[in-house]
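Please open the model in a viewer and keep the selection tool at hand.

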Amino acid sequence: MKKISVIIPVYNAERYIEQCLWSVTGQTYGSLEIIAVDDGSADDSAVVCGRLAETDGRIRVLRQKNSGVSAARNLGLNAATGEYVFFLDSDDAIHPRLLEEMLWQAEENHAQLVFCGYRKLDSDRLGAVLEAASGSAGEAQREAVSGSAGKAQREAVSGSAGEAQREAASGSAGKARREAVSGSEEKTQRGTAYGTVEEPALPETGRGRKSDCPEVSERAGRARCLAADEAGTEEWFHVKYTDTFSGIGGKLILREAVGELRFDRGLINGEDTFFLYQLVRNRVRSVYCLEEWYYYRMHGESVTSSAGTARRMGYFESAVRIRDGEYGRGNAEHAMRWEILAVDQIRRSYETQRRRKTGRAEGTGSAGRTGGAEGTGSVERTGRAEGAGSAGRTGGAEGAGNAGRTGGAEGAGSAGRTGRGKAGGTGNVGNAGARGKADRDGEGGGAEKARRELRKIAAEEKRHPLFRRICLSDRLLFACCFGCYPAYVILNRIILGLAKRRSR
């Protein structure tokens, strides 16, 4: 029987951790080790975790001084004894079938990494969705999950009531999406320039190769998933599913594949994206579960809910590392995508500093062609968005209430693309070098010093060989931002207007 170690970093998550842990103990797969790592919380998070550990022996509570989310996850990895590890943030939750489904897919496809879609919900909706997913017997299942009745109850959930629960959890939109994705019932296989990606058929009666894991049932109507070989996994990370792939929450990973790899404590944000990048570079097979069974809680208490440029420049640091890694490997196409993000990070941070100087609120309608939009309802080309209601499709989103698909995010309601520092992972105080220092200085009152530092970083970035390959209009926007800011403001507004016109 394969064991899964669920690693949950906890920091000041007293309001959410109980619901998070219940969503894990209520899983239909029972061979779990649940490691809650308290990162020096100032509230009663550790007390809540300890109380729940007394009712369920699978829960272990570890404690450390406040050292950041990377250190907490690393402590969890060092303590894990399961064949697989799964990462979950302490203010999020998961569908009761998620771990069973992921393990089945990993074993069936010989994959080292399995991930799923995110569903962004506020606290009220998240609770309702969990109740619908668990069914009327959910409360009894949680109470009995650590005893002998728990196994019988989990088996009952996967029977006739399971289909109704899955439909309730996914909603009519999810069903329509699955039908659109599924097409015919026959398995199709499409070759790509990067490898093979498989779209398996949904078994109607559990037919197919029997899983090597006896506790994982051959359930009828399994979730629709896509499988990729090692080269296909790299394409997913850099190109196709960058937004969903880059956050560590909701990832099931073979512990043997992780090996000695750990999260970099020197990154303010983007540490999980860089961790996954290193994992993907080690050549792993992956499976993408199309069900949105990772429930991302939207609230205003996340560390990234502020417009602090130090956090945004933290994303710059991880983007630069990935860019340089791919450029050194000769993968110019992949490196170029991260170069665009890195350039956007510098420009956004400088723009924020200038707006602070003039006292204007951020998010009033500027847009960059290569990196998103700031402002209500703005649509951006490559997926970076800042401001309430942004509609970034694939990149990170910053600001409260973002509607970016699942991208990395700064702000309440964003689906963390890179290093989501919410209540489950605040306190990461790593140094991102001069780039992060520039923004921290700005936040502390040294705005002019921060702008000088950013201009220095921009000048250095313009000398990178990949910068010359960015489209002319984007290079012009970048040059105006640092050379003639009034012209930049006008040009940015023109680009925003054109973007809105194209989106109609």
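The stops that follow concern strands, a helix, aromatic rings and a histidine.

The model is predicted: local features need pLDDT of at least 70, side-chain atom pairs count only at pLDDT 80 or more, and totals for chains, interfaces and linings use all residues. Residues are numbered from 1 along each chain as its sequence is written, and side-chain values use heavy atoms, with hydrogens and water left out.

**First stop: strand E1**

Select residues 4–10, which form strand E1. Helices (H or I, at least four residues) and strands (E, at least two) are DSSP runs, numbered from the N terminus. In E1, 7 of 7 residues are buried; buried means under 20% relative accessible area, exposed over 50% and partly exposed in between, with a 1.4 Å probe and protein chains only. In a regular strand the side chains alternate between the two faces of the sheet. On one side of E1 are Ile-4, Val-6, Ile-8 and Val-10, on the other Ser-5, Ile-7 and Pro-9, and both faces are covered.

Include helix H1, residues 17–25, to see a right-handed β-α-β unit made by E1, H1 and E2. A crossover is right-handed if, with the strands pointing away from the viewer, the path from the first strand over the helix to the second runs clockwise.

**Second stop: strand E4**

Select residues 84–87, strand E4, which pairs with E1 in the parallel sense over 4 bridges. The bridge partner of Ile-4 in E4 is Tyr-84, while Val-6 stands opposite Phe-86. Tyr-84 and Phe-86 point one way from E4, Val-85 and Phe-87 the other way, and all are buried. Strand E10, residues 251–254, pairs with E4 in the antiparallel sense over 3 bridges; there Leu-252 is the bridge partner of Phe-86.

Select residues 98–109, helix H4. Because 12 of its 12 residues are buried, H4 is largely enclosed by the rest of the structure. Among the buried residues are Leu-98, Glu-101, Trp-104 and Asn-109. H4 is followed by His-110, whose phi is positive, near 50 degrees.

The model holds 19 aromatic pairs. Rings of Phe, Tyr and Trp (its six-membered ring) pair if their centres lie within 6.5 Å; planes under 30 degrees apart count as stacked, over 60 as edge-to-face and the rest as tilted. Select Phe-115 and Trp-236, an edge-to-face pair at 5.9 Å centre to centre, with 80 degrees between the planes. Phe-115 is in strand E6 and Trp-236 in helix H9, 121 residues apart. Phe-115 is buried, with a relative accessible area of 0%, and Trp-236 is also buried, at 0%. Both belong to one aromatic cluster, whose members include Phe-274 and Trp-338.

**Final stop: His-299**

Where does His-299 lie? His-299 is in the loop between strand E11 (286–298) and helix H13 (309–328). His-299 counts as buried because its relative accessibility is 10%.

How values were computed
Pairing = 2+ DSSP bridges. Expected span 1.5 Å × (residues − 1).
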